[in-house]
Amino acid sequence: MVVGKVEPGSEVRYAGRSLRVTSYGTVVFGVGRDAEGTLTVDVRHADGSKEQSRIAVTARDWPIERVDGVPPATVDPPPAIAERIRREQARVAAVRDRDDARTDFTQAFQRPVEGRTSGRFGRQRIYNGKPGTPHSGWDIAAATGTPVRAPAAGVVTFADPDLYLTGGTLVLDHGHGISSNFLHLSRIDVKVGDRVEQGATIAAVGATGRATGPHLHWGMNWFDVRIDPQLVLERTR
Ligand SMILES: [Zn+2]
């Protein structure tokens, strides 16, 4: 997550999007796992003059992580289940399109639960020997029932206790396209539309969906771009 500052009244474009600019000139965007080379941000100042910012991206290493013992139907789903998974992922993707003016993302993010890291963002995953998509978040091992606290304030945009792959699933929108998702929950304590403050209990850790044991999966997005919550935490605390 990159937070930038421009003159208030500027227009800012990045990755084909026009970014929201706050009245005090803050903008935010995300850089995904596979970004590389030089990114460009185009700024048009209030007086009409133009400027281009260049950001060099340093590639990271993505080790392979093997996850064995997950239920076979979650790795190689039969057609009816594959269709259900597609439908559910489309519902989650839809709420990530929101571009609210709220600036909850400017808070210093806090860990949603304490615990040992059991999976890092971006690692190439092999489930029961079959290559899957890279891991999209940060896994923190904790007992079932452990309260999950909002890492920053936001508005609940998605809550479903039973998605096929991700089990109890919650999305919290922090404004300007930045959102958090919490997966494998055993309990959800909020509903769509609720405003939650930083540190509020929103759910409980579980092992629902494709999980081998109780843990919290915390993912973050800038619209459809997945970003690393651990970096957000280090950057903003
Ligand atoms: Zn995970």
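Modeller: Before we start, the bounds of the domains here come from an automatic or database domain assignment. Also, this is a predicted model.

Biologist: Thanks! So how is the protein chain divided?

Modeller: There is a domain 1, covering 2-57, and a domain 2, covering 64-236.

Biologist: And how far apart do the C-alpha centres of domain 1 and domain 2 lie?

Modeller: Those two centres are 27 Å apart. Contact between the domains involves 9 residues of domain 1 and 14 residues of domain 2. On the domain 1 side, β4 gives the largest share, with 3 residues.

Biologist: Can we zoom in on β2? How many bridges pair it with β5?

Modeller: Strand β2 (residues 11-14) and strand β5 (residues 37-44) share 4 bridges, in the antiparallel sense. As an example, Val12 has Val43 in β5 as its bridge partner.

Biologist: Changing topic: how many residues are in the largest nonpolar core?

Modeller: That core has 40 residues, and Val148, Leu170, Phe182, Leu185, Ala203 and Leu216 have the most contacts inside it. Several strands each supply at least two of its residues, including β2, β4 (26-29) and β18 (201-204). Both domain 1 and domain 2 contribute at least three residues each.

Biologist: You mentioned Val148. What does Val148 touch?

Modeller: Leaving out residues up to four places away in sequence, its contacts include Pro112, Phe182, Leu185, Ala204 and Leu216.

Biologist: Let's follow Ala204, then. Is Ala204 buried or exposed?

Modeller: Ala204 is buried, because it has 22 C-beta neighbours inside 10 Å and the cut-off is 20 or more. You'll find Ala204 in strand β18. Beyond its neighbours within four places in sequence, Ala204 is in contact with Gly145, Thr146, Pro147, Val148, Leu185, Ser186 and Arg187.

Biologist: Last one, helix α2. How many residues does α2 have?

Modeller: Helix α2 (residues 79-95) has 17 residues, and from first C-alpha to last it reaches 25 Å, close to the expected 24 Å.

Definitions and conventions:
Residues numbered from 1 in each chain as written. Predicted model: local features only at pLDDT ≥ 70, side-chain atom pairs only at ≥ 80, totals over all residues. Pairing = 2+ DSSP bridges. Core = buried A, V, L, I, M, F, W, Y, C linked by C-beta atoms within 7 Å. Buried ≥ 20, exposed ≤ 12 C-beta atoms within 10 Å, placed from the backbone. Contact = placed C-beta atoms within 7 Å. Expected span 1.5 Å × (residues − 1).
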